[in-house]
Amino acid sequence: MALLQRAGFDVRLCKEECKGVILIVCFFPCLVPVFAAINTVTDKFTESVYVLANEPSVALYRLQEHVRRSLPELAQHKSDMQSWEEQSQGAIYTVEYACSAIKNMTDSSVYFRSIEGLLKQAISFKDQMTSSQGRSPNEQQPPSST
C-alpha cells in the first residue's frame, strides 16, 4: 500500500469486513467481484472442512480417544469400589454376627432366670436343712490347717 502511494497512485481504501476477512480494495473496482468469488470459495471450503471434521468416522475416532484417556481412571474407580464393597461386606457380616450373639444372649435370659430360681431354691433348702439339724456347740469344728 505504501509502495503504491510512493509510486504516485491515488490509493483509495475501501475496507469491507466479510466473515472475519478484511478486504482492502484499491482504486480498482473490477477487483470487487474477484474478492466476492474468493469469499464464496473460502466459505465453501470452510463448510467442507467442517463437514469432514464432524464426519461419523471422526466422531468415532474422538470417542475412541475419550475412552482411551478415561478408561484407566474408570478401571481404578472400579477397583476401589470392589475393595470398598469387600470391606463393607466384612463389616456387615461382623455386625450381623454381633446382632445374632446379642439376640441369643437376650433369648438366654430365660435360662438365666431359671438358673437363678433354682439357685435360690437350693439356698433355701440348704438353710432349711441347717436350721432343722440345728448345730450344737458340742459339734466338732472342721480341723484347722495350721
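Analyst: Helices (H or I, at least four residues) and strands (E, at least two) are DSSP runs, numbered from the N terminus. Helix 4 is followed by Gly134, whose phi is positive, near 55°. This is a predicted model, in which local features need pLDDT of at least 70 and side-chain atom pairs count only at pLDDT 80 or more, while totals for chains, interfaces and linings use all residues. Residues are numbered from 1 along each chain as its sequence is written, and side-chain values use heavy atoms, with hydrogens and water left out.

User: What order do the elements run in from the N terminus?

Analyst: The order is α-β-β-α-α-α, with four helices and two strands in the protein.

User: Which element has the lowest mean pLDDT, and which the highest?

Analyst: Strand 1 (residues 14–18) has the lowest, 42, and helix 4 the highest, 92. Here pLDDT is the predictor's confidence in each residue, from 0 to 100. The protein averages 77, and 70% of the residues score at least 70. Over residues 13–23 pLDDT stays under 50.

User: Where do helix 3 and helix 4 make their contact?

Analyst: The axes of helix 3 (residues 56–107) and helix 4 (residues 109–133) come within 4 Å and cross at roughly 35°. Axes are lines fitted to C-alpha atoms, for helices over the stretch in contact, and angles run from 0 to 180 degrees between N-to-C directions. Met105, Thr106 and Asp107 of helix 3 meet Ser109, Val110 and Tyr111 of helix 4, contact meaning heavy atoms within 4.5 Å.

User: New topic: how many aromatic pairs does the structure hold?

Analyst: It holds one. Rings of Phe, Tyr and Trp (its six-membered ring) pair if their centres lie within 6.5 Å; planes under 30 degrees apart count as stacked, over 60 as edge-to-face and the rest as tilted. The rings of Tyr93 and Tyr97 have centres 6.4 Å apart and planes at 20°, so the pair is stacked. Tyr93 and Tyr97 are four residues apart in helix 3, about one helical turn.

User: And is Tyr97 buried or exposed?

Analyst: Tyr97 is exposed, at 58% relative accessible area, and Tyr93 is exposed at 56%. Buried means under 20% relative accessible area, exposed over 50%, and partly exposed in between (1.4 Å probe, protein chains only). Buried residues make up 6% of the 146 residues in the protein.
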